[in-house]
Amino acid sequence: MIRVFLLDDHEVVRRGLRDLLEAAGDIEVVGESGSAAEATRRIPALRPDVAVLDGRLPDGSGIDVCRDVRSVDPAIKGLILTSYEDDEALFAAIMAGAAGYVLKQIKGTDLVDGIRRVAAGQSLLDPAITQRVLERIRNPQHEPDQLKSLTEQERKILAHVADGLTNRQIAAEMFLAEKTVKNYVSSLLAKLGLERRTQAAVFAVKLTGQPPR
């Protein structure tokens, strides 16, 4: 059985999703919430295979929840389900390590199939857009002043953050202590004039330009 957690601030939507998913036969909804803060606390404890996360919530966003949950348990896959076709949110989802970003207009059968694919380790993100973000962060053609202020190590860290890696994973990749990586992330965000990891998505949009719809 594929274990799924649902986050949406509308109870009717959650109920509809639960009925849809549990009717599939191979999916079990192990928890649900209408609050980003509550979901951030509960998801790591429940350890679902996939967390289906509403893009926008009264107390935050599913993208923030995805980033926070994956920093605790990278094995949990995040699938952003949103009503908004928003380029900045798409980039933020990539930065947060989400495995998918789909609109609520998606057909029920396609959503069920998408959850199965994400649970199996596949990505629902457009690989061309993802690659464009990563390549231009690593090799910007017109380097903004903020990027010039980053050290080579901070640029590597930023690229790994864009890949959706947690501090723990970056530490393993670069043979650094996790605390050292945390310090680098804090430093590069300060230099970029940002407060949170997901805000780096806005910086990525400025760096890459708007992708075609």
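Visitor: Where is the place of threonine 166 in the chain?

Guide: Threonine 166 sits in the loop between helix 8 (152-162) and helix 9. Helices (H or I, at least four residues) and strands (E, at least two) are DSSP runs, numbered from the N terminus. This is a predicted model, in which local features need pLDDT of at least 70 and side-chain atom pairs count only at pLDDT 80 or more, while totals for chains, interfaces and linings use all residues. Residues are numbered from 1 along each chain as its sequence is written, and side-chain values use heavy atoms, with hydrogens and water left out.

Visitor: Is threonine 166 buried or exposed, and which residues is threonine 166 in contact with, leaving aside neighbours within four places in sequence?

Guide: Buried means under 20% relative accessible area, exposed over 50%, and partly exposed in between (1.4 Å probe, protein chains only). Threonine 166 has 6% relative accessibility, so it counts as buried. Contact means heavy atoms within 4.5 Å. Apart from neighbours within four places in sequence, threonine 166 is in contact with Arg70, Ser71, Pro74 and Arg197.

Visitor: One of those contacts is Arg70. How many residues of helix 3 are buried?

Guide: Helix 3 is mostly covered, with 8 of its 11 residues buried. The buried residues are Gly62, Ile63, Asp64, Val65, Cys66, Arg67, Val69 and Arg70.

Visitor: Which residues touch the most other members of the largest nonpolar core?

Guide: A nonpolar core is a set of buried Ala, Val, Leu, Ile, Met, Phe, Trp, Tyr and Cys residues joined through side-chain atoms within 4.5 Å. The largest one here has 23 residues, and Leu7, Ile43, Leu53, Ile63, Val65, Ile80 and Tyr101 touch the most other members. Two or more residues each come from strand 1 (2-7), helix 2 (36-46), strand 3 (50-54), helix 3 (62-72) and helix 4 (87-95). Helix 4 gives the largest share, 5 residues.

Visitor: At what angle do helix 9 and helix 10 pack?

Guide: Two packed helices are described by the angle between their axes and the distance between the axes. Axes are lines fitted to C-alpha atoms, for helices over the stretch in contact, and angles run from 0 to 180 degrees between N-to-C directions. Helix 9 (residues 167-174) and helix 10 (residues 178-191) pack at about 110°, with axes 8 Å apart. The two are therefore roughly perpendicular (angles under 35 degrees count as roughly parallel, over 145 as roughly antiparallel, 65 to 115 as roughly perpendicular and the rest as oblique). Asn167, Arg168, Ile170 and Ala171 of helix 9 meet Glu178, Val181, Lys182 and Val185 of helix 10 in this contact.

Visitor: What is phi of phenylalanine 175?

Guide: Phi of phenylalanine 175 is near 60°, a positive value in a residue other than glycine. Phenylalanine 175 lies in the loop between helix 9 and helix 10, and at 76% relative accessibility it counts as exposed.
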